[in-house]
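Biologist: Can you walk me through the side-chain contacts here? Start with the terms, please.
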Amino acid sequence: LKDRNSPQYRAAKWISDVDPIPNNSFVTGGTTGLNLDDPGFEQRYVMALFYFALDGPNWNRGGSGWLGEESVCEWYGVRGDSDGCL
């Protein structure tokens, strides 16, 4: 995480500073968003890591449909059901 150009750093920076779903540890009262021990938090980080590692901003769709406020199961090209993302 020390290398600011690494996908790991960029994904961590996104989830801490930009992610439209706030982390409970940063929200007053901790009543909205994801807890740090929530599997959804880890899943969002891993999907953001995938996005940055594979140059998501330069994909044909310009990365649109990713890194949004909806569940990662609803991001462009990701399919999900009640059991989780496929």
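Modeller: Buried means under 20% relative accessible area, exposed over 50%, and partly exposed in between, with a 1.4 Å probe and protein chains only. This is a predicted model: local features need pLDDT of at least 70, side-chain atom pairs count only at pLDDT 80 or more, and totals for chains, interfaces and linings use all residues. Residues are numbered from 1 along each chain as its sequence is written, and side-chain values use heavy atoms, without hydrogens and water.

Biologist: How many salt bridges in the whole structure?
Modeller: The search finds 2. A salt bridge here is a side-chain nitrogen of Lys or Arg within 4 Å of a carboxyl oxygen of Asp or Glu.

Biologist: What does Asp19 pair with?
Modeller: Arg44, with the closest N and O atoms 2.7 Å apart. Asp19 sits in the loop between helix 1 and helix 2 (39-53), and Arg44 in helix 2, so the pair ties together parts 25 residues apart in sequence. Helices are DSSP runs of H or I, at least four residues, numbered from the N terminus.

Biologist: Is Arg44 buried or exposed?
Modeller: Buried, at 3% relative accessible area. Asp19 is buried too, at 10%.

Biologist: Switching to rings. How many aromatic pairs?
Modeller: The structure holds 8. One of them is Phe50 with Trp59, edge-to-face, 6.5 Å centre to centre and 65 degrees between the planes. Rings of Phe, Tyr and Trp (its six-membered ring) pair if their centres lie within 6.5 Å; planes under 30 degrees apart are stacked, over 60 edge-to-face, the rest tilted.

Biologist: And how accessible is Phe50?
Modeller: Partly exposed, at 41% relative accessibility.

Conventions. Helix = DSSP H or I, 4+ residues; strand = E, 2+ residues; numbered from the N terminus.
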